[in-house]
Structures are given as structure tokens and as C-alpha cells.
Amino acid sequence: MKAIVYESNTGFTQKYAYMLSEKTGLPAYLLENAKDELDKGDEVFFLGWICSGKIRGYAKAAKLYSVEGVAAVGILSPDETTIPQLKQNNRISDIPLFYLQGGVAPERLSTIKRRILEMTARSLDKAVLKKEGDRKVINIIWNGGDFVRAENLTEILAFIGEKLRIPQQ
Ligand SMILES: Cc1cc2nc3c(=O)[nH]c(=O)nc-3n(C[C@H](O)[C@H](O)[C@H](O)COP(=O)(O)O)c2cc1C
């Protein structure tokens, strides 16, 4: 694996990408800039923020590089449906997909993106308000908050570590 490639709108995914870079020694590139540093087909780990169920940048990254693993950064607290749903929405079947909780920074969102996120929160309000964890998340969607934690990366670090131990051809 050569690099970490990421797509981030308000910086939470970037924070995770930088943490991974620091811990693995792999460089982290914003998808837009990665073409200056990488060759087509290079093996990468990709991180993208979730926008209405889609992992932003993944489709483009998968066309350009050999994506060996993906992390989707969202705001909802994950349950057993999260990974299968994300795999289906993003047509990921043959590589590992991880979920990370990011954050919300309302002041860094465009008006339109804030509206879409608030609509998501409203639909959740009805469906899942019973769960205490989701009540907290809804509050964060409205007021902002940061769930980025280094310890969330344990599984991904194990995965990348394994890849780096296998000699590259
Ligand atoms: C327009 C919009 C749609 C979103 N849709 C989802 C979603 O479907 N599922 C989810 O878990 N998070 C959703 N989020 C939350 C973001 O994925 C979350 O805030 C993420 O941490 C943003 O990362 P970034 O700072 O790297 O852009 C949405 C956010 C916005 C602004």
C-alpha cells in the first residue's frame, strides 16, 4: 500500500486521514491532489465522508487507484445495518469497509448542505429518537460536535499494518 487518499468537506475525515498517516508512515493526499503524487493503479486506503448514504470521492478513487480498503466517515451512531447499507449504496463488495464517526461543524457547511443534514436529522427524529445515543447525535447535528477519536482507528490500523507486512511486488 502506497498512500492514504481522502475526501473531506469540513475537515473531520481529514483529521482521521492525518492520524492514520502519522501512525502508519504512509503519506495522506486529498483526492484532488493525489494525481500529482500517485500513479494510476497504485494501492491506497481511501477515506470519504458520507453524504446522504454515498461515500464522497469513492467512485472516483476506485477508478484511478487500486483501493484496498475504505473508511466511511459519518455522523450517525452505527448499528448492524450500517456497513451492509453503505456497501450496497456504494457498490463495494470485494474490499473491507470500515465506519468512523466524524462530526458536524455547522459554521463550515454551505446553506444547502446544512439543509440536507437538517432534513436527515428531522427524519431520524421520528424514527430512532428512543435510543439515547441517537438523541445525542441529533443534538450534535443541530449544534455541532466532534466524535473524532484516535482509538476509533484500531481496526483500520490493524488492517493497514497487515497489508504493509506483506511484501509488495
Ligand atoms: C449534506 C450532508 C449529508 C450527510 N449525510 C449523512 C449520512 O447519510 N449519514 C451519515 O452518517 N452522516 C451524514 N452526514 C454527516 C457527515 O458525513 C459528517 O458530518 C462527516 O463527519 C463530515 O466529514 P468531513 O468533515 O470530512 O466533511 C451528512 C452531512 C452533510 C453535510
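**Entry 1: domains.** I looked up the spacing of the two domains and found 22 Å between the centres of domain 1 and domain 2, taken over C-alpha atoms. Domain 1 covers 3–102 + 147–165 and domain 2 covers 105–145, with bounds that come from an automatic or database domain assignment. I note that this is a predicted model, in which local features need pLDDT of at least 70, side-chain atom pairs count only at pLDDT 80 or more, and totals for chains, interfaces and linings use all residues. Residues are numbered from 1 along each chain as its sequence is written.

**Entry 2: domain contacts.** I found 7 residues of domain 1 in contact with 10 residues of domain 2; contact requires C-beta atoms, placed from the backbone, within 7 Å. On the domain 1 side, 3 of these residues are nonpolar, 4 are polar and none is charged. Nonpolar means Ala, Val, Leu, Ile, Met, Phe, Trp, Tyr, Cys and Pro, charged means Asp, Glu, Lys and Arg, and the others, Gly among them, are polar.

**Entry 3: ligand.** I then examined the 24 residues around the ligand, of which S8, N9, T13, G74 and G102 come nearest; a residue is near if its C-beta atom, placed from the backbone, lies within 6 Å. The shell holds 11 nonpolar, 12 polar and 1 charged residues. Domain 1 and domain 2 each supply at least three residues of this shell.

**Entry 4: overall form.** I recorded a radius of gyration of 16 Å, taken over C-alpha atoms. This agrees with a compact globule of 169 residues, for which the value would be near 15 Å, by the rule of 2.2 Å times the number of residues to the power 0.38. The C-alpha trace spans about 50 × 30 × 30 Å along its principal axes.

Technical notes. Two residues are in contact if their C-beta atoms, placed from the backbone, lie within 7 Å.
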